Amino acid sequence: MLDLKYIRENIDAIRQMLKHRKTEADLDRLIELDSQWRDNLTHTQTLQAHQNEVSQQIAERKKAKEDATETIAEMRKLSQEIKERTAEATELRVEIDSILLMIPNMPEETTPVGTSEDDNTEIKTWGDKPSYDFELKPHWEIAEQLDIVDFQRGAKVAGSNFVVFKGLGARLERALIQFMLDLHTTEHGYTEISPPFLANRPTMTGTGQIPKMESDMYRCDRDEENPETDLFLIPTAEVPVTNLFADEILPVDELPIYYTAYTPCFRREAGAYGKDTRGLQRIHQFDKVEMVKFTTPEASYSEHESLLENAESVLQALGLPYRVVQHCTVELSFAAAKCYDIEVWAPAGEKFLEVSSCSNFEDFQARRANIRYRPEAGSKPEFIHTLNASGTALPRVVIALLETYQNPDGTVRVPAVLQPYMGGLKQIG
RNA sequence: GGUGGGAUGGCUGAGUGGACGAAAGCGGCGGUCUUGAAAACCGUUGUGGCGCAAGUCACCGUGGGUUCGAAUCCUACUCCCACCGCCA
């Protein structure tokens, strides 16, 4: 969430940002409400100051055994007026907040202005696309022939775009999770977290999934009376992990904090029907290892670069060629100020697949979740910067592995770094 | 699922409707003393909003209510703790 004061003072920049993001928000209404709210507040507080003063006088008179019935009668009227005005102020504030929660983050200055993914900037490529002297099979064919993924039965027990990993397929999932967690904890200094896979409404709001993207979330435990207690299946570990420090003030010497977590991720993919539906590319539940950083504002952009390197190292270790692109304004997710995507090469489909989004949210999430730090002892708390990157999303890595390391006979080689996690197995099939 | 207890500042913990943004202790910060440190002593130490400012308002789990006035009374809810039942 953006600072209301900042919006008030930079209204033109906000309008331009919305245009660049192709998003709408009722700024005119916001400005009007803000002005009304402040007028109301100032006046109400003057009345309250008077009320406090007279209440003191009543107390003193009573102590002196003097009569105060007349004053009390007057105050009864004032009290009523204050009650009405504060109720108005609360209403205004609720509407202000509902608009504020729908305004996306300001893009960081290097973010290219663009209208489609074609305007993303390619930052780098790594590895050479391999060439083959036989016809490549798509990953779903390989997976079905090896009997390591069961698409049919996934659909039967849950629905379309749910899959079942089986045998060495399930083992491969487990191996990848463990490999990635080990890499980040032992090589990159992250602390492993195993968070809840469900999150409540304030938590989902803190990272920005709600209210704007609520229809993309799986919701369970709906309680009309207590919407705060609604539980959602997490769409990413970012949600519970970032919110670990909600409403806290962290000592500066604990920063930066690096956390990594494996979780399944649940996404309804509302509005994505018919898009990339074949195979493992877009499924409602998938495994992911996530990295989350909490830093000072000064350090956040250098931390962003090292975060990207940490995510890249996964693909490098697996020997999978990839490229890094920087999101343009229209591709940038709601809460992000700057975002790199890492896209792995899938040789059979001959396309790049997003396996990691590496984002700096600056203080956008911190303001929503109220995560602060104290720059030095005795100073005022300030909002922290939060960042995260997938490290990485598994199904698309599996796609790249199956397609890249396939042999003409349909078997698949296991990269060296994964072999220890596969019981020494060098080949699937 | 049942019964009981609880929620107050960074922590522990007081708080008869007006003295309370809140005692006391611990911790933190600054200082005195010391070659240095510890101890002792002195001082200081919550957050947010509006306002150019002076200032002012709000906040004792959350939301309602009673009252001229609520940390304190009423009410609903949430969370935590303990025990019983059930359970991987």
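Student: Which residue in S7 is the bridge partner of cysteine 220?

Tutor: In this predicted model, cysteine 220 has leucine 231 as its bridge partner in S7.

Student: What makes S6 and strand S7 count as a pair?

Tutor: The rule asks for at least two bridges, and 2 bridges join S6 to strand S7 (residues 231-233). That meets the cut-off, so they are called paired. The two run antiparallel.

Student: And in what order do the strands of that sheet come?

Tutor: The order is S5-S7-S6, an open sheet of 3 strands with antiparallel pairing.

Student: Why are S5 and S6 said to stand at the edges?

Tutor: Strand S5 (198-200) and strand S6 (219-220) each have a single partner strand, so one side of each has no neighbour in the sheet.

Student: What sense of pairing does the sheet S8-S14-S15 show?

Tutor: Mixed pairing, in an open sheet of 3 strands. Its edges are S8 and strand S15 (382-383): each has a single partner strand, so one side of each lacks a neighbour in the sheet.

Student: How do you know that S8 and strand S14 pair?

Tutor: Set the count against the rule: 4 bridges link S8 and strand S14 (residues 371-374), and at least two are needed. So they qualify as a pair, and the sense is parallel.

Student: Let's switch to side chains. Why is the meeting of glutamate 32 and arginine 29 called a salt bridge?

Tutor: The N to O distance is 3.6 Å, and the cut-off is within 4 Å. The pair passes, so the name applies. By this rule the count comes to 20 salt bridges.

Student: How far apart are those two residues in helix H3?

Tutor: They are 3 residues apart in helix H3 (residues 27-63), which means about one helical turn separates glutamate 32 from arginine 29.

Student: How many salt bridges are there between domain 1 and domain 2?

Tutor: The count there is 0. The rule does find 4 residue pairs in polar contact across that interface, with both residues at pLDDT 80 or more.

Student: What is the area buried between domain 1 and domain 2?

Tutor: About 460 Å², with carbon and sulfur atoms giving 42% of that. On the domain 1 side, His20, Arg21 and Thr23 lose the most area to domain 2, together 80% of what that side buries.

Student: Now the backbone. What is omega at the cis peptide bond of leucine 255 and proline 256?

Tutor: Omega is about -5° there. Proline 256 sits in the loop between strand S8 (248-251) and strand S9 (257-266). Another cis peptide bond joins glycine 391 and threonine 392, where omega is about 5°. Threonine 392 belongs to strand S16 (residues 385-393).

Definitions and conventions:
Residues are numbered from 1 along each chain as its sequence is written. Chains are lettered from A and ligands numbered from 1 in the order in which they are written. This is a predicted model: local features need pLDDT of at least 70, side-chain atom pairs count only at pLDDT 80 or more; totals for chains, interfaces and linings use all residues. Side-chain values use heavy atoms; hydrogens and water are left out. Buried area is the accessible area (1.4 Å probe) that two parts lose on being put together, summed over both. A salt bridge is a side-chain nitrogen of Lys or Arg within 4 Å of a carboxyl oxygen of Asp or Glu. A polar contact is a pair of N or O atoms within 3.5 Å; within protein, one must be able to donate a hydrogen and the other to accept it, and residues adjacent in sequence count only if both atoms are side-chain atoms.
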